[in-house]
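Hi,

Here is the structure I said I would pass on. Have a look at it first, and then read on for what turned up.

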Amino acid sequence: MLLKTNILPAGYRNIAEMDYLLFPKQRLFIVLSDNDLVFIKKSPSPYPNHEDEPGLLVYQKEFPRTAAAWIVDTIENRLWRSAAGGGEPSGKNSVTEVVADEKLTLRRTMAVGDAREKGFILINASRKSVNFDEDYQEIEFSDRLLKEGSLLDVLRQL
């Protein structure tokens, strides 16, 4: 079910809203429930006859709430660090693990967003897409969004 950030169901709360920093005019909302961490990206719709909200396309990606700590740890201590500093071995650019019974992958990439910045792709292989006919969900984060956009700080607090 696609969540509406202005009218969230009982048990869900919007804990952050920020510029997505990967594409112009996109916003990222972080929504939390007792069990779920939900990333909701809103983008201007180029199609007047196809809008999820007035003037907007809405993309929703869901992860177990406990994934927040795993994401922070995997980025800071495994994928941003060199092998000599305790990170993943040289040449290994992704980590796949089961977190709260869901198969998650965090993959380092050198080209996310319009500016093709360094960043990460976060994949949940255990939940079908809310928006598309796919057996997984994924979202991209640039290093700039994680640092300058404060996404890493938000995730640390969860």
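Before the details, one term: contact here means heavy atoms within 4.5 Å. Also keep in mind that this is a predicted model.

Let's start with I30. Leaving aside its neighbours within four places in sequence, I30 is in contact with R13, N14, I15, A16 and M18, and also with L37, V38, F39, L151 and V154. I30 belongs to the largest nonpolar core, which has 32 residues. Together with L28, F39, L122, F141 and L151, I30 touches the most other members of that core. Helix α1 (residues 67–79) supplies the largest share of this core, with seven residues. A separate core of six residues lies apart from it, and F29, V31, V38 and V58 are among its members. In soluble globular proteins, nonpolar side chains tend to be buried together.

Now the overall fold. You'll find three helices and eight strands in the protein chain, in the order β-β-β-β-α-β-β-β-β-α-α along the sequence. Its radius of gyration is 16 Å, close to the 15 Å that the globule rule gives for 158 residues, so the chain is as compact as a globular protein of that length. The C-alpha trace spans about 50 × 35 × 30 Å along its principal axes, and 46% of the 158 residues count as buried.

As for the surface, the accessible area of the chain is about 8,300 Å², with 47% belonging to carbon and sulfur atoms. On charge, there are 21 positive and 24 negative side chains, and the centres of the two sets lie 3 Å apart.

Cheers

Notes:
Residues are numbered from 1 along each chain as its sequence is written. This is a predicted model: local features need pLDDT of at least 70, side-chain atom pairs count only at pLDDT 80 or more; totals for chains, interfaces and linings use all residues. Side-chain values use heavy atoms; hydrogens and water are left out. A nonpolar core is a set of buried Ala, Val, Leu, Ile, Met, Phe, Trp, Tyr and Cys residues joined through side-chain atoms within 4.5 Å. Buried means under 20% relative accessible area, exposed over 50%, partly exposed in between (1.4 Å probe, protein chains only). Helices (H or I, at least four residues) and strands (E, at least two) are DSSP runs, numbered from the N terminus. The radius of gyration is taken over C-alpha atoms; the globule rule is 2.2 Å times the number of residues to the power 0.38. Accessible areas come from the Shrake-Rupley method with a 1.4 Å probe; for residues, only the protein chains shown count as cover. Lys and Arg count as positive and Asp and Glu as negative; His and the chain ends are not counted. The place of a charge is taken as NZ of Lys, CZ of Arg, CG of Asp or CD of Glu.
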